[in-house]
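Dear colleague,

Please find the structure below for your review. A short account of the findings follows it.

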Amino acid sequence: MNSHTPSRPALAVPQEAGSEDALIREFAVQSSDYYVRAFARIRNATGRAWSFNPTAALLGPAWAASRNLLVLFWITLLLHMAAVAQISIGASGNLGAAEQSRADRLTQQAGERAKQAQAARDAGAANADGLEKSAKALERAAAKAVATATAARAGGPRVLASGLATLAFSAALGGLLANGMLERRFTRWRSDRTLHNGRNHLLASCATLFCVAVFTLTAYRFATAAPPSWLAAAPSNRDWQAALSSGLDGVMRQVAQSGDGFFSLITRGLSGFLDALAYVLASMPWPVTMALILLLAWQVAGPRVAIFTGAALAYLSLLGFWEKSLDTIALLGTAAILCLAIGIPLGIWCGRRPRVYAAIRPVLDFMQTMPAFVYLIPVIALFGIGKPPGIIATLIFGTPPVVRLTALGLQGVPVSIREAAQAYGATRWFLLTRVDLPLAKPSIMAGINQTILMCLSMVVIASLIGAKGLGEDVLNALQYAAVGQGLLAGFAILLCAMVIDRIVQGNISQSGK
């Protein structure tokens with residue numbers, strides 16, 4: 001052997017691996033060696049790497065809070081709550097307590113009714129037989145309640161086992177998800193060092209106290225046959241409700257009286273426009289009206305939309321929905337045009353003025369999340385009943401989508417493109433019409449589509465306050481359980497909305513070219 005043969009050098013850890021391990025130790029702080037191995041196993045795996053964290057499985061939501069993994073905290077917390085409720089119900093033996101209490105009441109009532117029947121029979125009263133039959137019916141109901149309570153108590157072990165299984169599943173799920181979620185947080189921490197590293201002892205302490213309180217109250221609620229009223233029912237004050245209700249009634253009456261002229265003016269204006277539009281549509285010969293609609297669809301949206309429009313008009317005509325569909329188109333079209341006429345300019349303003357959008361956003365949230373039936377209450381108080389109040393309610397409900405999506409589309413226009421246009425001397429009007437709106441067009445079109453669908457959903461609801469049309473047929477079908485008639489009228493409303501939507505989108509597409 002040559003004595004001068006160099007020996008093989010020892011394998012050195014790459015600098016990248018060493019720095020990576022140092023970063024993991026800096027991020028983890030506690031149990032850093034464990035997380036170095038766990039993160040390496042996750043990153044080196046070719047597929048899904050399953051890594052189990054026993055500490056996370058044991059401590060559950062407290063561990064997730066200590067590592068700032070709020071998603072895992074809520075998952076394990078909710079599963080633990082379900083497990084505590086099931087274990088409390090199964091271990092306490094209170095299953096069927098409500099039915100047993102009902103059975104005791106029925107038994108007592110049956111005994112009293114039997115005594116009344118016997119007294120009536122001794123006195124020769126005519127209602128003795130009826131009282132006796134009532135007593136026997138109460139006895140049968142009591143026996144049925146006892147059987148139900150017995151069956152429920154027999155299911156206690158199953159509920160207890162289900163709770164233990166839920167607890168085990170929560171622990172296993174937390175242990176399996178912990179290292180993967182923590183590794184993703186480590187990736188974010190590498191690029192944003194403002195994120196908390198190590199254990200967050202303050203958050204962990206607060207989460208532990210919160211979990212103890214929640215689990216204790218949950219166990220007490222389900223383990224007690226008759227929980228206290230402060231725990232079983234939320235506090236309420238009917239006097240406050242009555243006072244606020246009376247105050248709101250007075251405010252609405254005052255607003256209606258003081259603004260009667262203004263509201264009447266809006267109602268007359270909408271009524272005049274609707275009546276004129278409905279008269280033009282209904283008084284013209286139906287072949288002329290159909291031909292005009294088909295020609296409009298062909299011109300602005302193309303032959304495919306024209307063919308679909310013809311099929312929709314044939315459906316409306318042959319099934320007897322022609323006249324009411326014209327009323328619905330007048331109502332739906334008027335509401336949609338008003339929504340777009342108000343919503344698109346407002347969306348443009350919000351898209352270019354973030355402060356304005358921040359101020360208007362709570363109003364849009366209120367308009368979009370309030371149940372549709374609630375709109376009808378102030379609308380009726382201020383505008384009465386009929387088609388104009390239906391249009392106003394539809395206007396409130398259908399405007400937010402087009403405002404939001406128009407603002408979102410304008411906010412998504414790349415700044416570099418706008419700066420390049422401004423560098424070439426583009427005016428504000430040119431920048432809006434030739435740069436911003438064309439680039440924001442997909443989002444604006446989605447807003448228009450959503451607004452038309454919102455207006456469609458209000459057609460049936462508006463029929464509750466006297467807005468005629470196809471919504472009236474659907475309402476009558478609901479009242480008389482006429483399933484077939486309701487479905488046919490519903491398809492007619494759908495076809496009207498689809499025709500308007502296709503024509504509007506085709507018109508905007510042609511104008512964009």
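Axes here are lines fitted to C-alpha atoms, for helices over the stretch in contact, and angles run from 0 to 180 degrees between N-to-C directions. Helices are DSSP runs (H or I, at least four residues), numbered from the N terminus. This is a predicted model, in which local features need pLDDT of at least 70 and side-chain atom pairs count only at pLDDT 80 or more, while totals for chains, interfaces and linings use all residues. Residues are numbered from 1 along each chain as its sequence is written, and side-chain values use heavy atoms, with hydrogens and water left out.

Helix 11 (residues 238-258) packs against helix 17 (residues 372-383) at an angle of about 40 degrees, their axes being 9 Å apart. Helix 11 is therefore oblique to helix 17; angles under 35 degrees count as roughly parallel, over 145 as roughly antiparallel, 65 to 115 as roughly perpendicular and the rest as oblique. In this contact (heavy atoms within 4.5 Å), helix 11 contributes Met252, Val255 and Ala256, and helix 17 contributes Pro378, Ala381 and Leu382.

A second pair is formed by helix 20 (residues 428-439) and helix 21 (residues 441-462), whose axes come within 5 Å and cross at roughly 65 degrees. Here Leu437, Pro438 and Leu439 of helix 20 meet Lys441, Pro442 and Ile444 of helix 21.

Finally, leucine 487 is located in helix 23 (residues 483-512).

How values were computed:
Helices (H or I, at least four residues) and strands (E, at least two) are DSSP runs, numbered from the N terminus.
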